[in-house]
Amino acid sequence: ILNQSLSALNTIKLVAVDGSISQAASQSITSSRLLLQAATGVGTSAQVLQTQVQQMRALVTTSGGLFVAEQDGLVLDAKQSSHVASPVDAWDLMGTEFAFKVAGNLALHVLNGTLSANGTIQALAVSGVAAQAGNVRLQTSKALVSPAASSVLTVNAALTAEGHVSVLSDSDVVLTAMGDIALTTAGKTLDIEASTGALTMQLSGTDEAVIQTNAGNVRLSAA
């Protein structure tokens, strides 16, 4: 449990090999890059992890999911050469292409700015736990006071989930040619909304953005 705020100029790395990462109310994490690894969750739906970082990467290995509220613009990146694994962590189990690999539900809200998902995102259901079905919710907004110049949500790598997926922006949503979204469990729904902007699915040569469910519903909405 983080009972005080954390701040660093470069990288903060938090590892809970057999437990979870949580945060007391009114605390925050500020850095250029944040690396998170936990066995049983990062934040909760009731007490999300509050951050103000530029880049983030996270691994939840067993259960609990990931719940984060980011104050401004954020990039979800794949493994960088400077991400050196230690004997106690499990980054190699994650794969270098991943930005987020989460057992349980994943909810990330950028409160005032853009979100660029440049590394693969995967959410896995926890066996026997209906409330941890591998749902994903990515959301961007602009603050009412001192709003950011943009709150575009860009998916630039594969996003796969065993649960429902929501991709929501109060501006534009962009799925680049590499930004495929796949829901692997039968009957799960996909919801993509650009409430005041455009929804764009891009092409690049023979590659194109693809959305796919397993006999589930799809809702696409734009202004």
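## Arg33 and its partner Asp77

In this predicted model, Arg33 counts as buried, at 15% relative accessibility. Its salt-bridge partner is Asp77, and the closest N and O atoms of the two residues are 3.9 Å apart. The separation falls within the 4 Å that defines a salt bridge.

Arg33 belongs to strand 3 (residues 29-38), whereas Asp77 sits in the loop between strand 6 (74-76) and helix 1 (91-94), so the contact ties together parts that are 44 residues apart in sequence. Asp77 is likewise buried, with a relative accessible area of 4%. Both values count as buried because they are under 20%.

## The network around Arg219

Asp191, Glu193 and Arg219 are joined in a network of salt bridges. In the pair of Asp191 and Arg219, the closest N and O atoms lie 2.8 Å apart. This pair links distant parts of the chain, with Asp191 in strand 17 (residues 190-194) and Arg219 in strand 22 (residues 218-222), 28 residues apart.

Glu193 also forms a salt bridge with Arg219, with 2.7 Å between the closest N and O atoms. Here again strand 17, which holds Glu193, is linked to strand 22, which holds Arg219, across 26 residues. Glu193 is partly exposed, with a relative accessible area of 25%, and Arg219 is partly exposed at 38%.

## Salt bridges in the whole structure

A search of the whole structure finds three salt bridges. Among the residues involved are Asp77 and Arg33, which form one pair, and Arg219, which is bonded in this way to Asp191 and to Glu193.

How values were computed
Residues numbered from 1 in each chain as written. Predicted model: local features only at pLDDT ≥ 70, side-chain atom pairs only at ≥ 80, totals over all residues. Heavy atoms only, no water. Salt bridge = Lys/Arg side-chain N within 4 Å of Asp/Glu carboxyl O. Helix = DSSP H or I, 4+ residues; strand = E, 2+ residues; numbered from the N terminus. Buried < 20%, exposed > 50% of the residue type's maximum accessible area, 1.4 Å probe, protein only.
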